[in-house]
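Hi everyone, thanks for coming. I'd like to walk you through one model today, so please have a look at it with me.

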Amino acid sequence: MIGNLKDSTPLRDFFHRINFRKGRVSAITATARKLAVIIWNMIVKGVAYHNPEGYLYLDQKRKLGLVKRMRKQIDKYGLTNQDLQIPEIQ
């Protein structure tokens, strides 16, 4: 049912990612487990469910890691925008 949704939701996107990597049966099992954990936390712990917005895909995480490493190197060597020939943003 979740895999057939037209609108993009975090659970539907999760289902499609797993379906692409491991197949439909594994995607159904993984999504059912994810739903069970969400419902368990709502009932037992009384935690309200919040739809995760802004989920970062692996390529986005890599970009953020690259930017972090680059900033660290720039700080390490004490470089400025003039050294890097970066125009000032106004």
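I'll start with the overall layout, then go to one helix pair, and finish with a few residues.

A word on the ground rules: this is a predicted model, so to speak of a local feature we need pLDDT of at least 70, side-chain atom pairs count only at pLDDT 80 or more, and totals for chains, interfaces and linings use all residues. Residues are numbered from 1 along each chain as its sequence is written, and side-chain values use heavy atoms, with hydrogens and water left out.

So, what does the protein consist of? It has four helices and zero strands, and along the sequence that reads α-α-α-α. Helices here are DSSP runs of H or I with at least four residues, strands are E runs of at least two, and both are numbered from the N terminus.

How much of the protein is buried? Of its 90 residues, 12% count as buried. Buried means under 20% relative accessible area, exposed means over 50%, and partly exposed is in between, with a 1.4 Å probe and protein chains only. The accessible surface is about 8,200 Å², and carbon and sulfur atoms hold 59% of that; the areas come from the Shrake-Rupley method with a 1.4 Å probe, and for residues only the protein chains shown count as cover. As for contacts (heavy atoms within 4.5 Å), take those in the protein with a separation of 6 or more: 24% of them join residues 24 or more positions apart.

Now the helix pair. Two packed helices are described by the angle between their axes and the distance between the axes. For H1, residues 10-22, and H2, residues 24-45, the axes come within 7 Å and cross at roughly 145 degrees. Those axes are lines fitted to C-alpha atoms over the stretch in contact, and the angles run from 0 to 180 degrees between N-to-C directions.

Which residues meet there? From H1 we have Leu 11, Phe 14, Phe 15, Ile 18, Asn 19 and Lys 22, and from H2 they meet a set including Ala 27, Ile 28, Thr 31 and Leu 35. The residues of this H1 and H2 contact split into eight nonpolar, three polar and three charged. In that count Ala, Val, Leu, Ile, Met, Phe, Trp, Tyr, Cys and Pro are nonpolar, Asp, Glu, Lys and Arg are charged, and the others, Gly among them, are polar.

Let's zoom in on Phe 15, which sits in H1. Phe 15 counts as buried because its relative accessibility is 5%. Beyond four places in sequence, Phe 15 touches Ile 2, Gly 3, Arg 24, Ala 27, Ile 28 and Thr 31.

Thr 31, in H2, is buried too, at 4% relative accessibility. Phe 15 and Thr 31 are 16 residues apart along the chain, with their C-alpha atoms separated by 6.1 Å. Leaving out neighbours within four places, Thr 31 is in contact with Ile 2, Phe 14 and Phe 15.

Is Asn 4 buried or exposed? Asn 4 lies in the segment before H1, and at 54% relative accessibility Asn 4 counts as exposed. From Asn 4 to Phe 15 is 9.7 Å, C-alpha to C-alpha.
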